[in-house]
Amino acid sequence: MDPRGLAMLVAILVAEIGLVANGNLVFPVERRRRSLSAIRAHDARRRGRILSAVDLNLGGNGIPTETGLYFTKLGLGSPPKDYYVQVDTGSDILWVNCVECSKCPRKSDLGIELTLYDPKGSETSDLISCDQDFCSATYDGPIPGCKSEIPCPYSITYGDGSATTGYYVKDYLTYNRVNGNLRTATQNSSIIFGCGAVQSGTLASSSEEALDGIIGFGQANSSVLSQLAASGKVKKIFSHCLDNIRGGGIFAIGEVVEPKVSTTPLVPKMAHYNVVLKNIEVDTDILQLPSDVFDSGNVKGTVIDSGTTLAYLPDIVYDQLIPKVLAGQPGLKLYTVEPQFSCFQYTGNVDHGFPVVKLHFEDSLTLTVYPHDYLFQFRDGIWCIGWQKSVAETKNGKDMTLLGDLVLSNKLVLYDLENMAIGWTDYNCSSSIKVKDETTGVVHTVSAHNISGASTFFIGRILTFFLLLTAMLIN
């Protein structure tokens with residue numbers, strides 16, 4: 001987009017920059033409920049975003065019949081105001097709707113109040129102009145025609161036609177700092193984020209989809225994680241543990257020392273979280289597949305995307321997997337529900353009646369998917385299959401392999417960008433983890449159920465979101 005054209009859409013706002021604080025951060029994260037058809041629609045839009053960006057995208061979700069995705073409450077500005085944003089581990093910026101946006105959502109079906117960010121209403125807000133280093137780094141060089149009074153623009157168009165356009169500002173992000181075992185204290189830190197001036201498509205809708213914005217934890221320099229790491233406050237390591245049995249969980253930035261997690265290499269030079277899937281095992285039987293079935297051309301490897309609810313496999317993989325999964329129950333009759341889901345009647349314990357599926361990755365890392373993970377209860381006595389045929393193709397026409405929250409729940413998933421690796425281990429996500437303060441070397445115990453900053457009108461279960469800062473830095 002021409003920055004001068006964008007400048008006509010946004011206001012030029014100037015204020016003071018506050019001092020940068022530090023510490024261990026905590027945000028409450030909420031799961032929202034949606035119908036099965038809405039889940040598929042969400043995943044379809046997400047695949048569109050993946051294909052229209054560099055190649056892929058990420059986030060966080062829950063049980064298909066109960067939850068669509070995860071969102072968190074953030075404090076922005078001085079004095080801080082609450083904003084509810086989607087947690088997205090694949091997109092690369094934090095942005096919220098701003099006060100000059102005439103078509104931004106004003107209401108949501110989630111039981112939350114939406115708030116438009118007003119830079120003039122914050123004592124610590126400052127405009128990021130197009131001639132500042134952050135803007136030049138974001139666009140890999142100076143923007144043509146840039147003048148100091150022109151704000152640094154952002155513009156993202158997604159595959160479903162939705163778009164967000166605005167400009168960057170710098171302001172305080174308020175959070176709870178972990179300062180001991182099961183203890184927190186409020187702190188803030190200065191962060192650069194997008195001020196959304198123009199939204200279109202689903203982003204402009206006041207509906208069950210409506211939130212204040214998105215917080216991205218992708219690999220780009222503009223992400224919250226990268227900004228904190230660049231300031232020396234954190235290592236580029238984060239993890240999440242999403243509990244779809246008891247509800248709750250953890251999202252942490254920093255080094256987790258317990259439990260221990262084995263890893264597999266990330267495919268290098270990819271915009272998102274891609275790994276090499278070698279084969280799939282069903283009840284000790286390895287599927288007989290072409291050697292290149294999981295290599296989708298330019299999108300190398302299999303995508304790990306906790307922003308997708310289900311798990312999507314190439315046709316040839318799906319057509320072998322499902323018969324083997326159902327082989328132990330020859331009398332089952334499949335029904336179609338809403339209308340893409342294959343479901344059946346079953347009154348027994350699914351973990352006793354269906355096989356475990358194991359996905360084997362490079363460096364001998366295995367992802368074990370239990371029947372209670374890949375089968376979900378639609379209603380009493382009716383179970384549905386979460387594995388889906390891939391409906392997304394890459395530019396060279398190959399099916400995409402996309403593993404979402406269906407297979408990632410009830411596991412601590414570690415993203416180690418310092419060593420370009422990702423890993424997981426089965427875990428009780430409603431229990432506690434141990435995290436290390438890199439400055440002091442002290443290990444703190446953090447409980448998923450100990451910290452709850454959610455408002456009383458939250459409608460689902462809480463996922464506690466910890467950002468564990470590793471160094472002391474005050475500017």
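Contact here means heavy atoms within 4.5 Å. The views show a predicted model, in which local features need pLDDT of at least 70, side-chain atom pairs count only at pLDDT 80 or more, and totals for chains, interfaces and linings use all residues. Residues are numbered from 1 along each chain as its sequence is written, and side-chain values use heavy atoms, with hydrogens and water left out.

**View 1. Surroundings of L359.** Leaving aside residues up to four places away in sequence, L359 touches L277, N279, I280, L365, T366, L367, V369, W387 and L403.

**View 2. The largest nonpolar core.** A nonpolar core is a set of buried Ala, Val, Leu, Ile, Met, Phe, Trp, Tyr and Cys residues joined through side-chain atoms within 4.5 Å; buried means under 20% relative accessible area, exposed over 50%, and partly exposed in between (1.4 Å probe, protein chains only). The largest such core has 67 residues, and V357, L359 and W387 have the most contacts inside it. A second, separate core has 14 residues, among them I93, C130, I150 and I192.

**View 3. The ring pair Y117 and F193.** Rings of Phe, Tyr and Trp (its six-membered ring) pair if their centres lie within 6.5 Å; planes under 30 degrees apart count as stacked, over 60 as edge-to-face and the rest as tilted. The centres of Y117 and F193 are 5.3 Å apart with planes at 75°, so this pair is edge-to-face. Y117 is buried at 1% relative accessibility, and F193 is buried at 0%.

**View 4. The ring pair F134 and Y168.** This edge-to-face pair has 5.0 Å between centres and 75° between planes. F134 counts as buried at 16% relative accessibility, as does Y168 at 3%.
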